[in-house]
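Dear colleague,

Please find below the structure for your records.

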Amino acid sequence: MKRIISHFITLTLLMLCHAHTAAAYETEFKIVEGLDDNALKEIMEKNVNGMIQAFKTAADEQKKSVKLDKEWMTSEAIEGVKEIWKSSAMSCPPTNIMARCLKTSSGFQVRGIPVDMVEADDKEARQELTIDFLPNGKINNVAIAISMHRYDQIMAEKQSDLDYARRQIIVNFVENFRTAYNRKDLPMLNSVYSDKALIITGKVVKEKPNSDIDRMTLNNNKVVYIKQSKQEYLKKLAGVFKVTKYLNVKFEDIEVVQHPKYDDIYGVTLKQYWHTDRYQDEGYLFLLIDFRDSDNPQIQVRTWQPYKDNTGKILVNKKDVFHLGSFRIVR
(Lines give C-alpha, C1' and ligand atoms only; values in the text may rest on other atoms or scores of the structure.)
Protein backbone atom coordinates (compact mmCIF):
# COMPACT_ATOMS: atom_id res chain seq x y z
CA MET A 1 0.00 0.00 0.00
CA LYS A 2 2.83 2.38 0.98
CA ARG A 3 4.52 1.59 -2.34
CA ILE A 4 1.31 2.46 -4.25
CA ILE A 5 0.93 5.78 -2.36
CA SER A 6 4.59 6.61 -2.96
CA HIS A 7 4.20 5.87 -6.66
CA PHE A 8 1.06 8.04 -6.79
CA ILE A 9 2.84 10.98 -5.10
CA THR A 10 5.80 10.67 -7.46
CA LEU A 11 3.49 10.60 -10.49
CA THR A 12 1.58 13.62 -9.19
CA LEU A 13 4.79 15.58 -8.67
CA LEU A 14 5.97 14.70 -12.16
CA MET A 15 2.67 15.89 -13.62
CA LEU A 16 2.85 19.14 -11.67
CA CYS A 17 6.45 19.64 -12.77
CA HIS A 18 5.47 19.01 -16.39
CA ALA A 19 2.57 21.45 -16.12
CA HIS A 20 4.84 24.10 -14.63
CA THR A 21 7.46 23.55 -17.38
CA ALA A 22 4.81 23.73 -20.09
CA ALA A 23 3.45 26.95 -18.62
CA ALA A 24 6.95 28.39 -18.48
CA TYR A 25 7.30 27.83 -22.21
CA GLU A 26 4.04 29.51 -23.14
CA THR A 27 3.90 33.03 -24.60
CA GLU A 28 1.63 35.39 -22.70
CA PHE A 29 0.84 38.96 -23.65
CA LYS A 30 -0.25 41.50 -21.04
CA ILE A 31 -0.76 45.26 -21.07
CA VAL A 32 0.89 46.70 -17.98
CA GLU A 33 0.95 50.41 -18.76
CA GLY A 34 -0.99 53.11 -20.62
CA LEU A 35 -4.56 51.80 -20.36
CA ASP A 36 -6.83 52.12 -17.33
CA ASP A 37 -9.97 50.53 -18.81
CA ASN A 38 -9.70 46.98 -17.46
CA ALA A 39 -12.53 45.59 -19.59
CA LEU A 40 -10.95 46.95 -22.79
CA LYS A 41 -7.53 45.75 -21.65
CA GLU A 42 -8.86 42.19 -21.24
CA ILE A 43 -10.34 42.26 -24.75
CA MET A 44 -7.06 43.45 -26.29
CA GLU A 45 -5.03 40.87 -24.35
CA LYS A 46 -7.42 38.10 -25.38
CA ASN A 47 -7.21 39.11 -29.05
CA VAL A 48 -3.40 39.27 -29.10
CA ASN A 49 -2.99 36.00 -27.20
CA GLY A 50 -5.39 34.33 -29.62
CA MET A 51 -3.33 35.55 -32.56
CA ILE A 52 -0.05 34.47 -30.92
CA GLN A 53 -1.39 30.98 -30.26
CA ALA A 54 -2.62 30.74 -33.87
CA PHE A 55 0.90 31.66 -35.05
CA LYS A 56 2.44 28.94 -32.90
CA THR A 57 -0.03 26.26 -33.97
CA ALA A 58 0.39 27.01 -37.68
CA ALA A 59 4.20 27.24 -37.42
CA ASP A 60 4.49 24.01 -35.39
CA GLU A 61 2.28 22.15 -37.87
CA GLN A 62 4.14 23.75 -40.82
CA LYS A 63 0.94 25.12 -42.28
CA LYS A 64 1.09 27.21 -45.46
CA SER A 65 -1.34 29.67 -43.93
CA VAL A 66 -2.51 30.71 -40.48
CA LYS A 67 -6.09 30.47 -39.21
CA LEU A 68 -7.17 33.74 -37.60
CA ASP A 69 -10.52 34.55 -35.99
CA LYS A 70 -12.62 37.56 -37.00
CA GLU A 71 -13.48 37.92 -33.33
CA TRP A 72 -9.87 39.05 -32.73
CA MET A 73 -9.09 40.91 -35.95
CA THR A 74 -10.63 42.85 -38.80
CA SER A 75 -10.72 41.23 -42.24
CA GLU A 76 -8.06 43.67 -43.46
CA ALA A 77 -5.71 42.74 -40.61
CA ILE A 78 -6.24 39.02 -41.25
CA GLU A 79 -5.44 39.40 -44.95
CA GLY A 80 -2.34 41.47 -44.14
CA VAL A 81 -0.98 38.79 -41.79
CA LYS A 82 -1.70 36.05 -44.31
CA GLU A 83 0.26 37.97 -46.96
CA ILE A 84 3.26 38.13 -44.62
CA TRP A 85 2.80 34.40 -43.96
CA LYS A 86 3.15 33.66 -47.69
CA SER A 87 6.70 34.95 -47.43
CA SER A 88 7.46 33.34 -44.07
CA ALA A 89 5.66 31.69 -41.18
CA MET A 90 5.97 33.49 -37.83
CA SER A 91 6.10 32.21 -34.28
CA CYS A 92 6.41 34.13 -31.01
CA PRO A 93 9.17 32.86 -28.70
CA PRO A 94 8.05 31.61 -25.26
CA THR A 95 8.11 34.67 -23.03
CA ASN A 96 5.97 37.00 -20.96
CA ILE A 97 5.32 40.11 -23.06
CA MET A 98 4.69 43.14 -20.85
CA ALA A 99 3.44 45.84 -23.19
CA ARG A 100 2.85 49.55 -22.98
CA CYS A 101 -0.36 50.74 -24.64
CA LEU A 102 -0.11 53.89 -26.77
CA LYS A 103 -3.03 56.11 -27.79
CA THR A 104 -3.24 56.83 -31.52
CA SER A 105 -5.52 58.97 -33.67
CA SER A 106 -7.53 55.87 -34.65
CA GLY A 107 -7.44 53.79 -31.46
CA PHE A 108 -4.55 52.12 -29.66
CA GLN A 109 -1.20 50.53 -30.37
CA VAL A 110 1.26 48.16 -28.71
CA ARG A 111 4.83 47.69 -29.86
CA GLY A 112 7.78 45.34 -29.46
CA ILE A 113 5.99 41.98 -29.83
CA PRO A 114 8.85 39.50 -30.51
CA VAL A 115 8.41 37.10 -33.41
CA ASP A 116 10.68 34.66 -35.26
CA MET A 117 10.49 34.53 -39.05
CA VAL A 118 10.82 30.85 -39.92
CA GLU A 119 12.24 31.38 -43.43
CA ALA A 120 14.87 33.92 -42.37
CA ASP A 121 18.52 33.24 -41.61
CA ASP A 122 19.25 32.80 -37.90
CA LYS A 123 20.74 36.29 -37.53
CA GLU A 124 17.67 37.88 -39.16
CA ALA A 125 14.97 35.66 -37.74
CA ARG A 126 14.04 37.72 -34.67
CA GLN A 127 11.76 40.64 -35.53
CA GLU A 128 9.26 42.75 -33.61
CA LEU A 129 5.64 43.48 -34.44
CA THR A 130 3.50 46.55 -33.94
CA ILE A 131 -0.20 45.89 -33.39
CA ASP A 132 -2.90 48.54 -33.91
CA PHE A 133 -6.36 48.31 -32.36
CA LEU A 134 -9.71 49.92 -33.02
CA PRO A 135 -11.29 51.75 -30.04
CA ASN A 136 -13.23 48.54 -29.24
CA GLY A 137 -9.99 46.53 -28.85
CA LYS A 138 -10.15 44.65 -32.14
CA ILE A 139 -6.83 44.27 -34.00
CA ASN A 140 -6.93 46.25 -37.25
CA ASN A 141 -3.29 46.17 -38.37
CA VAL A 142 -0.10 44.17 -37.81
CA ALA A 143 3.24 45.52 -39.06
CA ILE A 144 6.92 44.68 -38.64
CA ALA A 145 8.25 47.29 -36.23
CA ILE A 146 11.30 49.44 -35.65
CA SER A 147 12.84 48.96 -32.21
CA MET A 148 11.05 50.42 -29.19
CA HIS A 149 14.26 52.24 -28.24
CA ARG A 150 14.43 54.05 -31.59
CA TYR A 151 10.71 54.81 -31.48
CA ASP A 152 11.13 56.55 -28.12
CA GLN A 153 14.09 58.54 -29.46
CA ILE A 154 12.16 59.73 -32.53
CA MET A 155 9.17 60.80 -30.43
CA ALA A 156 11.39 62.57 -27.88
CA GLU A 157 12.65 64.88 -30.66
CA LYS A 158 9.18 66.45 -31.14
CA GLN A 159 8.98 70.23 -31.64
CA SER A 160 5.28 70.59 -30.85
CA ASP A 161 2.14 68.56 -30.18
CA LEU A 162 1.38 68.60 -33.93
CA ASP A 163 4.93 67.49 -34.68
CA TYR A 164 4.54 64.66 -32.12
CA ALA A 165 1.33 63.48 -33.83
CA ARG A 166 2.99 63.60 -37.24
CA ARG A 167 6.03 61.71 -35.98
CA GLN A 168 3.71 58.99 -34.69
CA ILE A 169 2.07 58.84 -38.12
CA ILE A 170 5.50 58.77 -39.82
CA VAL A 171 6.70 55.84 -37.71
CA ASN A 172 3.49 53.94 -38.49
CA PHE A 173 3.85 54.94 -42.14
CA VAL A 174 7.46 53.72 -42.30
CA GLU A 175 6.60 50.42 -40.58
CA ASN A 176 3.67 49.76 -42.90
CA PHE A 177 5.84 50.83 -45.85
CA ARG A 178 8.48 48.29 -44.83
CA THR A 179 5.89 45.58 -44.18
CA ALA A 180 4.38 46.18 -47.63
CA TYR A 181 7.68 45.05 -49.17
CA ASN A 182 7.85 41.99 -46.91
CA ARG A 183 4.36 40.92 -47.87
CA LYS A 184 4.81 42.03 -51.53
CA ASP A 185 1.86 44.41 -51.31
CA LEU A 186 1.91 46.37 -54.59
CA PRO A 187 -1.51 48.05 -54.08
CA MET A 188 -0.32 49.55 -50.78
CA LEU A 189 2.95 50.78 -52.33
CA ASN A 190 1.00 52.23 -55.24
CA SER A 191 -1.13 54.20 -52.78
CA VAL A 192 1.76 55.72 -50.79
CA TYR A 193 3.86 56.91 -53.72
CA SER A 194 2.76 60.16 -55.35
CA ASP A 195 1.92 59.77 -59.04
CA LYS A 196 4.70 62.29 -59.73
CA ALA A 197 7.19 60.77 -57.30
CA LEU A 198 10.91 61.02 -58.06
CA ILE A 199 12.45 57.60 -57.52
CA ILE A 200 16.19 57.00 -57.71
CA THR A 201 17.37 53.42 -57.37
CA GLY A 202 20.87 52.08 -57.55
CA LYS A 203 22.78 48.86 -57.94
CA VAL A 204 26.38 47.77 -57.62
CA VAL A 205 27.65 46.10 -60.79
CA LYS A 206 30.96 44.70 -62.03
CA GLU A 207 32.11 46.22 -65.28
CA LYS A 208 34.39 44.95 -68.04
CA PRO A 209 37.92 46.40 -68.17
CA ASN A 210 38.31 49.66 -70.14
CA SER A 211 34.62 50.50 -69.76
CA ASP A 212 34.02 54.18 -70.42
CA ILE A 213 30.90 54.34 -68.25
CA ASP A 214 31.37 57.18 -65.75
CA ARG A 215 29.86 56.02 -62.48
CA MET A 216 30.71 56.13 -58.80
CA THR A 217 33.48 53.69 -57.94
CA LEU A 218 32.84 51.36 -55.02
CA ASN A 219 35.66 48.91 -54.21
CA ASN A 220 36.41 48.36 -57.93
CA ASN A 221 32.70 47.94 -58.69
CA LYS A 222 30.37 50.57 -60.12
CA VAL A 223 27.22 52.05 -58.65
CA VAL A 224 24.67 52.71 -61.37
CA TYR A 225 21.86 55.12 -60.46
CA ILE A 226 18.56 54.92 -62.29
CA LYS A 227 15.90 57.63 -62.23
CA GLN A 228 12.42 56.14 -62.58
CA SER A 229 8.80 57.16 -62.55
CA LYS A 230 6.43 55.57 -60.07
CA GLN A 231 4.96 53.38 -62.81
CA GLU A 232 8.39 52.18 -64.01
CA TYR A 233 9.54 51.45 -60.47
CA LEU A 234 6.43 49.47 -59.49
CA LYS A 235 6.50 47.48 -62.74
CA LYS A 236 10.08 46.35 -62.04
CA LEU A 237 9.24 45.70 -58.40
CA ALA A 238 6.34 43.45 -59.45
CA GLY A 239 8.82 41.37 -61.43
CA VAL A 240 11.10 41.06 -58.38
CA PHE A 241 8.16 40.01 -56.19
CA LYS A 242 7.13 37.38 -58.72
CA VAL A 243 10.46 35.51 -58.70
CA THR A 244 11.27 36.00 -55.00
CA LYS A 245 10.12 33.49 -52.41
CA TYR A 246 11.33 35.17 -49.24
CA LEU A 247 11.89 38.91 -48.88
CA ASN A 248 13.09 40.62 -45.71
CA VAL A 249 13.45 44.40 -45.65
CA LYS A 250 14.84 45.89 -42.44
CA PHE A 251 15.23 49.54 -41.44
CA GLU A 252 17.75 50.91 -38.94
CA ASP A 253 19.24 54.29 -37.93
CA ILE A 254 15.95 56.06 -38.67
CA GLU A 255 16.07 59.85 -38.56
CA VAL A 256 13.01 62.10 -38.95
CA VAL A 257 13.46 65.81 -39.81
CA GLN A 258 10.79 68.46 -40.37
CA HIS A 259 11.39 70.90 -43.24
CA PRO A 260 12.54 74.30 -41.86
CA LYS A 261 10.18 76.23 -44.17
CA TYR A 262 7.29 73.86 -44.92
CA ASP A 263 6.04 72.25 -41.71
CA ASP A 264 3.99 69.67 -43.63
CA ILE A 265 7.08 68.24 -45.36
CA TYR A 266 9.30 65.68 -43.59
CA GLY A 267 12.48 63.91 -44.56
CA VAL A 268 13.14 60.38 -43.33
CA THR A 269 16.63 58.93 -43.63
CA LEU A 270 17.23 55.30 -42.75
CA LYS A 271 19.58 52.43 -43.35
CA GLN A 272 17.95 49.65 -45.35
CA TYR A 273 18.87 45.98 -45.42
CA TRP A 274 17.37 44.18 -48.41
CA HIS A 275 17.62 40.39 -48.25
CA THR A 276 15.98 37.85 -50.53
CA ASP A 277 16.71 34.25 -51.41
CA ARG A 278 18.35 35.64 -54.59
CA TYR A 279 19.97 38.96 -53.70
CA GLN A 280 20.97 41.16 -50.77
CA ASP A 281 22.35 44.64 -50.22
CA GLU A 282 22.64 47.49 -47.73
CA GLY A 283 22.11 51.15 -48.41
CA TYR A 284 20.73 54.47 -47.22
CA LEU A 285 17.15 55.26 -48.13
CA PHE A 286 15.79 58.81 -48.11
CA LEU A 287 12.05 59.51 -48.24
CA LEU A 288 10.50 62.95 -48.66
CA ILE A 289 6.97 62.68 -47.25
CA ASP A 290 4.25 65.25 -47.97
CA PHE A 291 1.63 65.79 -45.23
CA ARG A 292 -0.56 68.33 -47.03
CA ASP A 293 -3.27 65.67 -47.01
CA SER A 294 -2.73 64.56 -43.41
CA ASP A 295 -5.00 61.52 -43.80
CA ASN A 296 -3.03 60.27 -46.81
CA PRO A 297 0.63 61.31 -46.60
CA GLN A 298 2.51 60.59 -49.82
CA ILE A 299 6.11 59.90 -50.76
CA GLN A 300 7.28 62.55 -53.21
CA VAL A 301 10.92 61.44 -53.34
CA ARG A 302 12.57 58.06 -52.71
CA THR A 303 16.31 57.70 -53.18
CA TRP A 304 18.75 54.87 -52.52
CA GLN A 305 22.53 54.98 -52.27
CA PRO A 306 25.11 52.48 -51.05
CA TYR A 307 26.30 52.67 -47.47
CA LYS A 308 29.85 53.30 -48.70
CA ASP A 309 31.20 56.37 -50.50
CA ASN A 310 33.25 56.40 -53.70
CA THR A 311 36.41 55.42 -51.80
CA GLY A 312 34.75 52.42 -50.17
CA LYS A 313 34.53 54.10 -46.75
CA ILE A 314 31.43 53.73 -44.60
CA LEU A 315 29.07 56.69 -44.93
CA VAL A 316 28.85 57.87 -41.35
CA ASN A 317 28.18 61.56 -41.97
CA LYS A 318 24.54 62.26 -42.77
CA LYS A 319 25.54 65.20 -45.01
CA ASP A 320 26.91 62.61 -47.46
CA VAL A 321 23.44 61.07 -47.79
CA PHE A 322 20.48 62.51 -49.71
CA HIS A 323 18.46 64.75 -47.37
CA LEU A 324 15.81 67.51 -47.37
CA GLY A 325 18.32 70.07 -48.62
CA SER A 326 19.09 67.93 -51.68
CA PHE A 327 15.74 68.76 -53.29
CA ARG A 328 13.90 71.98 -54.13
CA ILE A 329 10.31 72.10 -52.89
CA VAL A 330 7.93 73.55 -55.51
CA ARG A 331 4.52 74.79 -54.33
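The model is predicted: local features need pLDDT of at least 70, side-chain atom pairs count only at pLDDT 80 or more, and totals for chains, interfaces and linings use all residues. Residues are numbered from 1 along each chain as its sequence is written, and side-chain values use heavy atoms, with hydrogens and water left out.

Aromatic contacts

The structure holds nine aromatic pairs, where rings of Phe, Tyr and Trp (its six-membered ring) pair if their centres lie within 6.5 Å, with planes under 30 degrees apart counted as stacked, over 60 as edge-to-face and the rest as tilted. One of them joins F177 and Y181, whose ring centres are 5.2 Å apart and whose planes stand at 85 degrees, so the pair is edge-to-face. Both residues belong to helix α6 (residues 161-182) and are four residues apart, about one turn of the helix. Helices (H or I, at least four residues) and strands (E, at least two) are DSSP runs, numbered from the N terminus. F177 is buried at a relative accessible area of 1%, and Y181 is buried at 2%; buried means under 20% relative accessible area, exposed over 50%, and partly exposed in between (1.4 Å probe, protein chains only). F177 and Y181 also belong to one aromatic cluster with Y193, Y233, F251 and W274.

Pockets

A pocket is found on a 1 Å grid over the protein atoms alone, as an open set of points where a 1.4 Å probe fits, with protein on both sides within 12 Å along at least five of seven lines; lining residues have an atom within 4 Å of a point. Grid points are joined across faces, edges and corners, and a volume is the space filled by probe spheres set on the points.

The largest pocket has a volume of about 880 Å³. Of its 27 lining residues, D132, N141, N172, F173 and N176 are the closest to its centre. Helix α6 gives the most to this lining, with six residues.

The second largest pocket holds about 580 Å³ of space. Its lining has 19 residues, and T201, G202, V240, W274 and Y279 lie nearest the centre. Here α8 (230-243) is among the elements that supply at least two residues, and α8 gives the most, with four residues.
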